[in-house]
Each structure stands twice: as structure tokens, then as C-alpha cells.
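Me: I have a predicted model here and want to learn the reasoning behind its labels. Can you take me through them?

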Amino acid sequence: MKLLYSPTSPFARKVRILALETGLDDRIEVVPTNTEDPASGLSAHNPLNKIPVLETEFGPLYDSPVICQYLDTLHDGPKLIPASGPTRWRALRWETLADGLQEAALLIRYEVTLRPAERQHEPWIERQKAKVLAALDRMEADAAELDGPLTVGAIATACGLGYLDLRFADWGWRDRHPRLAAWHEGFARRPSYTATAPA
């Protein structure tokens, strides 16, 4: 299998951490891919021109939630996406919330780096930031749910917080979210997290 990814993508990082945590990483070749470069050929694998994409023997899979679900079927260890019951829906809810945080943060990043300053729309940026802050507040309130067996929801959350550290460190998200910060500090010591840190 081949994983088309960017080292700074939190969505790709989620997939890479899951692969490491399940022992599947040695079955996956990682291929750095620039979404802004038409010569990368990414659109031939995903018509949405988004990463990550996992190339499999039966065709490409995209994006990260689908890839994670697929990879979780390929190992015999504890499943990171619980099969049923409240633990399943809680894990998927956390994944969706974290993915939404990442998406809003990425949109801000694109706006302030790809669009000329005079064309940037500050109210739109603030709306996206409000989504990030609302997600952080919910995560803080429910932080106790992250304790216990590792799930895809916890992985996605760690990746989202890591992306904020990478791109928006000046926001100081830890100041208003001490329980979430304490949890992230512990997660950040996992070998899978340190191994996938953006270069």
C-alpha cells in the first residue's frame, strides 16, 4: 500500500499514527505529495485533489476517516474504532469534532498564506477561528472521555492540537483548556506521535 501525504497534514498524521499503533506501518509506503503541484498526479488518485490517499490493490481510498476504518480491519490487535455501543459512537464523535477543528484551522491557514493580504476576509477568518475555539471548549468539557483505551477519536484530537501548535502557537490554546492540555501532554509522549511530528 502507498499513502500519499504531506508531513504537515493533521489528517495524514492521524492515518500514520493509527498505522504505527496497529503495527501496519511496515506495510505502507509513504509518498510525500504536494497538493499545490499539478505535476504530483494527486488528482488522478483523488479527484478532490486532497490528501491523504491510500492506494490499495482494489483502488484508492480517501480521505482519513475511510482510510482509518480500512486499516483498522487489517490487524488483530485491539480495534481503534470500537465495533459497537457507546464507545464506538463516542470515538467517532471525537474524530468528527477533531477533524472539524483541523478543517477550520486549515482554512484559516490557506486564507492567510495563499491569498494576498488586501484580499483576505477578516470576518470569515474569525468565523473559522470561532469554530476552532468552540471545538476546544467542548473538548475541554469532555476531556475525561479521552482517558482509557486508545481510539481513533483520541488520535484525531491529538493531531488537531498538534496542528494548532504547528501553525497557530500564538493562540495559546492551553491557557483556557488545562484538562485538554494535560491529556495532550501525555499523548505527546507516545512513540507514534513523536515519530510523525512535522519535519
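Reply: Start with pairing. Two strands pair if DSSP finds at least two bridges between them. In this predicted model, an open sheet of four strands has the order E2-E1-E3-E4, and its pairing is mixed.

Me: How do you know that E1 and E2 pair?

Reply: Count the bridges. Strand E1 (residues 2-5) is joined to strand E2 (residues 29-32) by four bridges. Pairing needs at least two, so E1 and E2 pair. These strands run parallel. Lys 2, for one, stands opposite Glu 29 in E2.

Me: What makes E2 and E4 edge strands?

Reply: In the order E2-E1-E3-E4, E2 and strand E4 (59-61) each pair on one side only. From one strand to the next, the twist averages 25°. Helix H3 (residues 64-71) packs on the sheet and touches E1, E3 and E4. The direction of H3 makes about 40° with that of E3.

Me: Why are H4 and H5 called roughly antiparallel?

Reply: Look at the angle. Helix H4 (residues 85-114) and helix H5 (residues 122-141) pack at about 150°, with their axes 9 Å apart. Angles over 145 degrees count as roughly antiparallel. Therefore H4 and H5 are roughly antiparallel to each other. Their crossing is left-handed.

Me: Which residues meet between H4 and H5?

Reply: Among them are Trp 94, Leu 97 and Glu 111 in H4. On the H5 side, they include Trp 124, Gln 128 and Arg 138. By class, the contact has 15 nonpolar, one polar and four charged residues.

Technical notes:
Residues numbered from 1 in each chain as written. Predicted model: local features only at pLDDT ≥ 70, side-chain atom pairs only at ≥ 80, totals over all residues. Heavy atoms only, no water. Axes fitted to C-alpha atoms, helices over the stretch in contact; angles between N-to-C directions. Contact = heavy atoms within 4.5 Å. Parallel < 35°, antiparallel > 145°, perpendicular 65-115°, else oblique. Left-handed = near helix turned anticlockwise from the far one by under 90°. Nonpolar A, V, L, I, M, F, W, Y, C, P; charged D, E, K, R; others polar.
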